[in-house]
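The following exercises are to be worked with the sequence and the three-dimensional model at hand. Each task is followed by a solution in steps.

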Amino acid sequence: MYRRIMNGLYLLPLVLLAAPGLAWADEAQIDTGDTAFVLISAALVMIMTLPGVALFYGGMVRRKNTLSTIMQSLFIMALISVQWVLWGYSIAFGPDKAHLFGSLAWLGLNGVGQAPNPDYSATIPHLAFMAFQMMFAVITPALITGAFAERMRFPAFVAFTLLWATFVYDPLAHWVWGVNGWLRNLGALDFAGGTVVHISSGVSGLIAALMLGRRRGYGSEPMVPHNLPLTVLGAALLWFGWFGFNAGSALSANGLAASAFVVTNTAAAAAALSWVFAEWIHHGKPTVLGGASGLVAGLVAITPASGFVGPMPAVIIGLVAGVVCYLAVSVLKSTLGYDDSLDAFGVHGIGGTWGALATGLFASRAVNPAGVDGLLFGNPHQLWIQFISVLASWLFAAVMTFVILKVVGLFFKLRASEDEEVQGLDITQHGEDAYSDMVLGAPVSRIQSLSASPSTMVTTREAGV
């Protein structure tokens, strides 16, 4: 008996040293490589919005609306980051309610901590998954702004964005990605957001453009991009960040992530080529704006398919996306006469629709054993499921956007006045000018105009500065 007691005392320090390992049992499930990969991918997706979308759209508007366009992406980054933490994430990914939305059980990230959540992120902290998804929630309303650029007043924009994120994006994310969401249960495939991000933003942008009406002078005045190098820089940042968008959606640093990375780049390149050649044939010249728009169209189209298809289908998806989106922008828009300022619908709505349907054509379990085969691999039913998901996304986004804008219009004036639009939203909404020196919050040119006579006043813009 004495020996047994002494042996127990000798072993006690070893037990105490080992005890912390018992508390760390959950943490031992976390893969540090996967965690680092997802966090870096989240940062890449953040770059897509700010500065990616901000510069891409900011260069395409007229110079008097540069800052207002950039401000929309900047403000969305801040607004949706807070909304996502407070209630957005819980609606999108919280415990299911009626297969339509998540409950508010995770309000304020209650219960969302450092341990993994096996339903969504078996090898990374739940917080890492939340942060990655937050960047998707941020970029989606930022894409919509391209449709109503140069004419929506800022207070209305803020209210619309908050309501749209809460009542359109968050429930739709739950439908497609949330546990027991009805489209997920149906078997719809959307690896990184063809329906949730691109169809929802593109269709909502079209509804907003129709409800606000065309810009003053649209069709009779030139409305060409004021700074194409800025737009190309934004497009390059989008291409760069999209690797995090698609490859990061594997949620693990593995072969599927590598496959998604390769097909993402392949589709973007193929679409840039097909858009440029289509434009070259149609208008006689290949343009830089066409190349930038084409690569974005390819990125949009491959997004839902990126975790389910191989390189050769990616080439086809990209080539078709470039031509189809070019026709939507250059032919469909002019034929129907709507003013989708920066072609949010033509690129994201049409490109996202093609990509979601193409997933039903080209998906292969050889690429992703957790997925299903598409039509070309013996499963025609998957194309029907994809069609249902596309139709549901179109209808939900269109109807809800219409309702939200009507509600916002009861409290805020949606559209800038004629005088505000003529002066530009930079000055009228924010009191700033993108291309003037600033003194006490006012452009130097404006200060000069108050003190100099008309015969002697030379503004910075007239001087070519």
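Of the 465 residues of the protein, 54% count as buried, where buried means under 20% relative accessible area, exposed over 50% and partly exposed in between (1.4 Å probe, protein chains only). The model is predicted: local features need pLDDT of at least 70, side-chain atom pairs count only at pLDDT 80 or more, and totals for chains, interfaces and linings use all residues. Residues are numbered from 1 along each chain as its sequence is written, and side-chain values use heavy atoms, with hydrogens and water left out.

**Exercise 1. Describe the overall make-up of the protein.**

Step 1. The secondary structure consists of 16 helices and 4 strands, taken as DSSP runs (helices H or I, at least four residues; strands E, at least two) and numbered from the N terminus.

Step 2. The protein exposes about 19600 Å², of which carbon and sulfur atoms supply 70%; the areas come from the Shrake-Rupley method with a 1.4 Å probe, and for residues only the protein chains shown count as cover.

Step 3. Contact means heavy atoms within 4.5 Å. Among contacts between residues at least 6 apart in sequence, 74% join residues at least 24 apart.

**Exercise 2. Characterise the packing of α5 against α7.**

Step 1. Two packed helices are described by the angle between their axes and the distance between the axes. Helix α5 (residues 154-177) and helix α7 (residues 194-212) pack at an angle of about 145°, with axes 10 Å apart. Axes are lines fitted to C-alpha atoms, for helices over the stretch in contact, and angles run from 0 to 180 degrees between N-to-C directions.

Step 2. The α5 side of the contact comprises Trp-164, Tyr-169, Leu-172, Ala-173, Val-176 and Trp-177, which meet Thr-195, Val-196, Val-197, Ser-200, Ser-201 and Ser-204 of α7. By class, the residues of this contact are 8 nonpolar, 4 polar and no charged. Here Ala, Val, Leu, Ile, Met, Phe, Trp, Tyr, Cys and Pro count as nonpolar, Asp, Glu, Lys and Arg as charged, and the others, Gly among them, as polar.

**Exercise 3. Describe the surroundings of Ala-301.**

Step 1. Ala-301 is found in helix α10 (residues 288-302) and is buried, with a relative accessible area of 0%.

Step 2. Not counting residues up to four places away in sequence, Ala-301 touches Ile-317, Ala-321, Gly-351, Trp-354 and Gly-355.

Step 3. Ala-271 is 30 residues from Ala-301 along the chain, and their C-alpha atoms are separated by 9.2 Å.
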